[in-house]
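Have a look at the picture, then read on.

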Amino acid sequence: MESPFKGAILKGKVGLLTGGGSGIGYEIAAELGKHGASIVIMGRRKHVLDSAVSALRSLGIDAIGVEGDVRKKEDTVRVVDATIKQFGKLDILVNAAAGNFLVPAEDLSPNGFRTVMDIDAVGTFTMCHVAFPYLKKGGIIINISATLHLTATWYQIHASAAKAAVDSLTRSLALEWGTDYGIRVNGIAPGPIDDTTGASKLITEEVNLKKQQDSALYRMGEKWDIAMAALYLASDAGKYVNGVTLVVDGGIWLSSPRHMSKDEVKQLSKTVEKRSRDAPVGVPKSNL
Ligand code: COA
């Protein structure tokens, strides 16, 4: 789909994306680039990075890839150094690297729990910390979160805890770095997004079908939806937005099972109204 934003809203900016080689991270990289930013993507798999960089360049985007793992401090330093060496500055840090898998809590080892905390939560903080000296000159941060922990999600205790920590980081950094340095720190919490690793690893066909039956917006989103939210937050359109994690899920996280049909509720409502109109004044409602 065509972007509703003007083409040059990020002209002259430099964006660094962890997990930028594929999925949501790549889509955000491509849209930031199409709107004028130069792009650095970081990821663990060289072949994925290489093909992502070629794809970005074929869109006319000035892009490089740097191999690395956000769990390793030396890798985070290397990618920030490479960004400064290549482009001279860093304006937009997007923390999109994440790990997740379905597992019942009783089968998850403490090391499995720690692994996801290390990638999502500690990795996000490390990147923010290492990038901070450059972001101080007017940068912004976008942390990719999730909706798992807004209620509770089956079989994802590790990722739920990690994304809750990410949201908390977003707020604390927005407070401290927003107040002292003007760095805006926001998050995006995607719902189920089609054509991503998350969708193939975490969403079963059965769940999908149930969701589609429930309501018009109860469907998978597109990577584009998340990239547009990122453009809003990264550009001046979001210049007064700080410390927010924007949920982009069509309202799915709000959902609860519908216990009564619309017709039933209308009928019941009329009956209840009539009963309370006809009741003698002063009779407690509980006696009606
Ligand atoms: N079920 C239960 N435990 C699992 C698991 C699964 N499906 N996958 C990994 N683990 C556990 C491992 O058993 C290990 O714990 P242990 O040492 O106690 O046995 C721990 O997690 C680390 O696993 P390992 O495979 O060594 O980690 P890794 O660093 O190679 O990979 C992951 C990290 C596990 C997060 C991997 O899924 C990954 O790289 N994911 C990136 C992509 C992704 O998941 N994106 C999700 C987007 S929503």
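In this predicted model, the second largest pocket has a volume of about 180 Å³. How can empty space like this be found? Rolling a probe the size of a water molecule over the atoms shows where empty space is left.

- Sorted by class, the lining holds five nonpolar, four polar and five charged residues.

**The shell around the ligand**
- The ligand is surrounded by 15 residues, and R44, R71, S109, N111 and K201 are the closest.
- Which helix gives the largest share of this shell? That is helix 4, with four residues.
- Helix 4 spans 110-135 and helix 6 spans 197-202, and each of them supplies at least two residues of the shell.
- By class, the shell contains five nonpolar, seven polar and three charged residues.

**Contacts with the ligand**
- R44 has a polar side-chain atom 2.5 Å from an oxygen atom of the ligand.
- In the side chain of K201, an N or O atom is 2.7 Å from an oxygen atom of the ligand.
- A98 takes part through its backbone: one of its backbone N or O atoms lies 3.4 Å from a nitrogen atom of the ligand.
- On its own, the ligand has 930 Å² of accessible area, and the protein covers 55% of it.

Key
Residues numbered from 1 in each chain as written. Predicted model: local features only at pLDDT ≥ 70, side-chain atom pairs only at ≥ 80, totals over all residues. Heavy atoms only, no water. Near = heavy atom within 4 Å. Polar contact = N/O pair within 3.5 Å; in protein donor to acceptor, adjacent residues only side chain to side chain. Areas by Shrake-Rupley, 256 points an atom, 1.4 Å probe, with all protein chains shown as cover. Nonpolar A, V, L, I, M, F, W, Y, C, P; charged D, E, K, R; others polar. 1 Å grid on protein atoms, 1.4 Å probe; cavity = no way out; pocket = protein on both sides within 12 Å on 5 of 7 lines; lining within 4 Å. Points joined across faces, edges and corners; volume = space filled by probe spheres on them.
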